[in-house]
Amino acid sequence: MSANDPFARLPEAASFTVTSTTVADGAAWSPEQFSGIFGVPGGKDLSPQLSWSGAPQDTKSYAVTVYDPDAPTGSGFWHWAVADIPATVTELPEGAGDDTGSGLPEGAFQLPNDARAARFIGAAPPAGHGPHRYVVVVHALDVESIGVSADATPAVLGFTMAGHILGRAVLTATAETPA
């Protein structure tokens, strides 16, 4: 695993808690969170269940991102990005990141990931590349709408959010494909 810290150059933010019934912090994804789209046997591209608490009091919305900083691309790989989750919402069910976003709350939307699909794409580390980290982040924001278009990239979302982040809740899952 790389020592690449995806938060190293981002503004400091208050910490709050994110948990999941799907995966524990530091644990490996289950086969359902691997990518069937990229041909991983048993992969179902099923987004994880997420619950969060303790966000800063002035939170007006949330965004959720899933990022692999260890992908052999030079820029990592964005697996999922959801924007404009209302401040009253503190949970996403497993599978919310399907093709339709059926489990997302009203007003929230998915941005295209690095596979250019507006949905959750599961883990697909190259065989023999070693373990990869999947950084799941719930961002507490000071605006009701972050103001990015639905076809923006997760990087544009991150850039736009940088000045609006009140807090950050982080859970890191892992995955590895043996050689």
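In strand 9, Ala 169 is the bridge partner of Val 138. Strands here are DSSP runs (E, at least two residues), numbered from the N terminus. This is a predicted model: local features need pLDDT of at least 70, side-chain atom pairs count only at pLDDT 80 or more, and totals for chains, interfaces and linings use all residues. Residues are numbered from 1 along each chain as its sequence is written, and side-chain values use heavy atoms, with hydrogens and water left out.

**Strand 9 and its partners**

Strand 9 spans residues 165-175. Strand 8 (residues 132-141) pairs with strand 9 in the antiparallel sense, over ten bridges. Strand 1 (residues 14-15) runs parallel to strand 9, joined by two bridges. There, Ser 15 stands opposite Arg 168. Pairing requires at least two DSSP bridges between the strands. Eight of the eleven residues in strand 9 are buried, where buried means under 20% relative accessible area (1.4 Å probe, protein chains only).

**Cores**

The largest nonpolar core has 29 residues. A nonpolar core is a set of buried Ala, Val, Leu, Ile, Met, Phe, Trp, Tyr and Cys residues joined through side-chain atoms within 4.5 Å. Val 138 is among the residues with the most contacts inside this core, as are Trp 29, Trp 52 and Trp 80. Strands 3 (50-53), 4 (61-68), 5 (77-86), 8 and 9 each supply at least two of the core's residues. Another core, of 13 residues, lies apart from it; Ala 63, Leu 111, Val 143 and Val 148 are among its members.

**Aromatic pairs**

The structure holds seven aromatic pairs. Rings of Phe, Tyr and Trp (its six-membered ring) pair if their centres lie within 6.5 Å; planes over 60 degrees apart count as edge-to-face, under 30 as stacked and the rest as tilted. Trp 29 and Phe 120 form an edge-to-face pair, 6.3 Å centre to centre with 80° between the planes. The two residues are 91 apart in the chain. Trp 29 sits in the loop between strand 2 (17-19) and strand 3, Phe 120 in the loop between strand 7 (109-110) and strand 8. Ring pairs link Trp 29, Trp 80, Phe 120 and Tyr 134 into a cluster. Tyr 134 lies in strand 8.

| Residue | Relative accessible area | Class |
|---|---|---|
| Trp 29 | 6% | buried |
| Phe 120 | 1% | buried |
| Tyr 134 | 1% | buried |

Leaving aside neighbours within four places in sequence, Trp 29 is in contact (heavy atoms within 4.5 Å) with residues including Val 23, Phe 34, Tyr 134 and Ala 173.

How values were computed:
Buried < 20%, exposed > 50% of the residue type's maximum accessible area, 1.4 Å probe, protein only. Helix = DSSP H or I, 4+ residues; strand = E, 2+ residues; numbered from the N terminus.
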